[in-house]
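The sequence and structure come next.

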Amino acid sequence: MSTPQLVVHRDKELMAQAAAARLITKIVDAQAARGSASVVLTGGRNGNGLLAALAAAPARDAVDWTRLDLWWGDERFLPEGDPERNVTQAREALLDSVPLDPARVHPMPASDGPHGNDPDAAAAAYAAELAAAAGPEHYRSEAAPGGGGVPAFDVLMLGVGPDTHVASLFPELPAVRETERTVVGVHGAPKPPPTRVSLTLPAIRSAREVWLLAAGEDKAGAARIALSGAGEIQAPAAGAYGRSRTLWLLDAAAASQLPRDLYPPASA
C-alpha cells in the first residue's frame, strides 16, 4: 500500500494538461524499461479531459502507440457504440487519432455483445481476458492467489465521484465489498445507467501506480472524506491505491476542503 500524494493545479484545464504530460512520460519510461506499457483508462469528464489534452499534446508522438495495452476500469453496460460508453468517448477524445494496435485495446463487453444482456457474464469474460494477458510479472487477486491474475498495470486512472465512488464501485453496494473476483457486474448503481461492469478494489490495487482525478467544487467533499481516513466501504476512493504510488491529481476547487498540510507535495 502506498501513501497518497497530492498534486493540486490551478484549474481543470491545467490539471488535464499536466496529467497528460505526466502520463506520456510514464508510458515512454515503461516502454524503454520493459518494451511495452499497460494503462487502465477512466471515463467521465476528467478522464476524457485528460485524453483530449493528450491528443493535443505535441509530445504524444514520443509514445510508441503500437506497444501500448489499454484497459478500462469500468464501463456502462450499454450497446456497442452508445455515446455514453466510456470506450466510445475515449475513441472520440484520443484513440481514433493515434496508431494503436487494435489487438492491444481491451474494451469491456457491450450489452449487445456475445454475452448478451448479462453483465455478470460480461464481467467474467473480462476477468478471463485480464488473466490471459497476465505475463511473468503479474498480480493475482489478494483474496484468491490461485485464481485469475491481472497484468501489472503501469498506471490505472480513476475519476472520483461526488459520492466518493471510483470505477463503478459505489459506497455500500456489493461490488465495493468484493474481495475474490477481479471484475464484477454492477446492478442498481445510483448513477445512470444502473447496470455496469467494473474492476474491483483488489484488481485496482494491482497497479504499480493509481491516479485519482478530481476537478470541480462538486468533488471537494469527496476528496476530503476519502483523504481523511474514511473506510473503503463508505468511501471507495479511500480503498484505491497503487503498489508503488498513489497520486491524487486535483484542481484548486476539488482541493478546497483539504488542509494544505494534509499530505506533502508529490515528488516528481
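## Asn46 and its contacts

Asn46 touches Met15, Leu213, Ala214, Ala215 and Lys219, leaving aside residues up to four places away in sequence; contact here means heavy atoms within 4.5 Å. The residue sits in helix H2 (residues 44-56). Helices (H or I, at least four residues) and strands (E, at least two) are DSSP runs numbered from the N terminus. Asn46 counts as buried because its relative accessibility is 8%; buried means under 20% relative accessible area, exposed over 50%, and partly exposed in between (1.4 Å probe, protein chains only).

## Basis of the model

This is a predicted model, in which local features need pLDDT of at least 70 and side-chain atom pairs count only at pLDDT 80 or more, while totals for chains, interfaces and linings use all residues. Residues are numbered from 1 along each chain as its sequence is written, and side-chain values use heavy atoms, with hydrogens and water left out.

## Strand E10

Strand E10 (residues 209-214) is mostly covered, with six of its six residues buried. In a regular strand the side chains alternate between the two faces of the sheet. Glu209, Trp211 and Leu213 point one way from E10, and Val210, Leu212 and Ala214 point the other way.

## Strand pairing

Strand E7 (residues 155-159) runs parallel to E10 and is joined to it by five bridges; two strands pair if DSSP finds at least two bridges between them. Met157 has Trp211 of E10 as its bridge partner.

E10 also pairs with strand E11 (residues 245-251), in the parallel sense, over six bridges. There, Leu213 is partnered by Leu249 of E11.
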